[in-house]
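Welcome! Here is a friendly briefing for anyone meeting this structure for the first time. Take a look at it, then read on topic by topic.

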Amino acid sequence: MSFEAIIIGGNFAGLSAAMQLARARRRVLLVDAGAPRNRFSEASHGFLGQDGQTPAAIMREGKRQLSLYPTITIRQGKVVRAQSDGDAFIIGTEDGGEERAARIVLATGVSDTLPELSGLKERWGRSALHCPYCHGFEVIGGKLGVLANHPHSAHSAMMIPDWGATTFTQALFEPEEEQLVKLTARGVRIERSPIVELLGDNPKLEAVRLADGRVLPLDAVFVAPKTSMASPVAEQLGCVFDDGPFGPVIRTGENKETTIKGVFAAGDAASAMHNATLASASGVLAGVHCHQSLVMQSVA
């Protein structure tokens, strides 16, 4: 085999996994489709040492640093199939290429499905946001809204007042009595007429139109998208999934190994909590444990 490990995905998790294996002098292929989930964001925030950098710049520098290690090969391409073959794995790329390795690290990420709402998609990652820890400071003090499209929306609405005045706009989920008391205590204003349109000079948000015709001034709206696997390879390999709060999550142990021996997973595809630092940290764990499994195999 030309490679001992293949990493599928070149965002924060995949690059972090590759770095650990590169420093252990293992022969690694990293295949990156070049369509990261965070491509819609202007900057990555809360990532120590990288705060305010664009995701593309962080990934570009990560790949540059990885390229200095002689055992790493980085290829642009999309992995469309993967299968086990005895004690190894075979992956196939969209251009017809095929590679084989003893280990696989899945850093394939997730895809977001946003509510069907006029003006939302165009503002995604700019003024329509998913995480106050990632983007809240940039809209601090503004008029902020939470689109209640998910059972966890009430929890989000209780967090947001630390960044600004919050309106919890009801669409699908009515808060329970206990949640209602807590929301009121946090100063959250509840609008039960759902948002039907986002208004303003795109990608800026200035207001939202409600179903009853009123226009409500807002500077940013937080919304939880539904997530799905961005790649079919985890399912093709037979990995077991858990039901996460927003979509399926690849099941892993503490060592980031999936239910398929020799296959590790990291990043948003393998975690219910989505954050640049967490993705990078899980990639480190996946890379370290992938390396250790190769070591143990060699002395078995």
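Two strands count as paired if DSSP finds at least two bridges between them. With that in hand, in β7 the bridge partner of Ile8 is Leu106. Please keep in mind that this is a predicted model.

- Five strands make up an open sheet, and their order is β3-β2-β1-β7-β20, with parallel pairing.
- At the edges of this sheet sit β3 (72-76) and β20 (263-265), each of which pairs on one side only.
- From one strand to the next, the twist averages 20°.
- Within the sheet, β1 (residues 5-8) and β7 (residues 103-106) are joined by 4 bridges in the parallel sense.
- As a general point, strands of a sheet pair through backbone hydrogen bonds, either parallel or antiparallel.

**The sheet that holds β11 and β12**

- Another open sheet has 5 strands, running in the order β9-β16-β10-β11-β12, and its pairing is parallel.
- Its edge strands are β9 (128-129) and β12 (189-191), and each of them pairs on one side only.
- There are 3 bridges between β11 (residues 165-170) and β12, which pair in the parallel sense.

**A pair of helices**

- Two packed helices are described by the angle between their axes and the distance between the axes.
- For α1 (residues 12-23) and α2 (residues 55-67), the packing angle is about 15° and the axes are 10 Å apart.
- Angles under 35 degrees count as roughly parallel, so α1 is roughly parallel to α2.
- The crossing of α1 past α2 is left-handed.

**The second largest pocket**

- How much space lies in the second largest pocket? The volume is about 660 Å³.
- The lining of this pocket has 25 residues, and those closest to its centre are His130, Cys131, Pro132, Ser156 and Phe246.
- At least two lining residues come from each of α3 (132-135), β10 (143-148) and α4 (153-159).
- Which element gives the most to this lining? That is α4, with 4 residues.
- By class, the lining of the second largest pocket has 16 nonpolar, 8 polar and 1 charged residues.

**The cavity**

- Rolling a probe the size of a water molecule over the atoms shows where empty space is left.
- Searching the whole structure turns up 1 cavity of 30 Å³ or more.
- The largest cavity holds about 40 Å³ of space.
- Its lining includes Val110, Thr227 and the residues Gly244, Pro245, Phe246, Gly247, Pro248 and Val249.
- Also among the residues that line the largest cavity are Asp268, Ser271, Ala272 and His274.
- The lining of the largest cavity divides into 6 nonpolar, 5 polar and 1 charged residues.

**Two backbone details**

- Most residues other than glycine have a negative phi, and most peptide bonds are trans.
- The peptide bond from Asn202 to Pro203 is cis, and its omega is near 10°.
- Pro203 belongs to the loop between β13 (195-199) and β14 (207-210).
- Arg25 has a positive phi, near 65°, and is a residue other than glycine.
- You will find Arg25 in the loop between α1 and β2 (28-32).

Notes. Residues numbered from 1 in each chain as written. Predicted model: local features only at pLDDT ≥ 70, side-chain atom pairs only at ≥ 80, totals over all residues. Heavy atoms only, no water. 1 Å grid on protein atoms, 1.4 Å probe; cavity = no way out; pocket = protein on both sides within 12 Å on 5 of 7 lines; lining within 4 Å. Points joined across faces, edges and corners; volume = space filled by probe spheres on them. Nonpolar A, V, L, I, M, F, W, Y, C, P; charged D, E, K, R; others polar. Axes fitted to C-alpha atoms, helices over the stretch in contact; angles between N-to-C directions. Parallel < 35°, antiparallel > 145°, perpendicular 65-115°, else oblique. Left-handed = near helix turned anticlockwise from the far one by under 90°.
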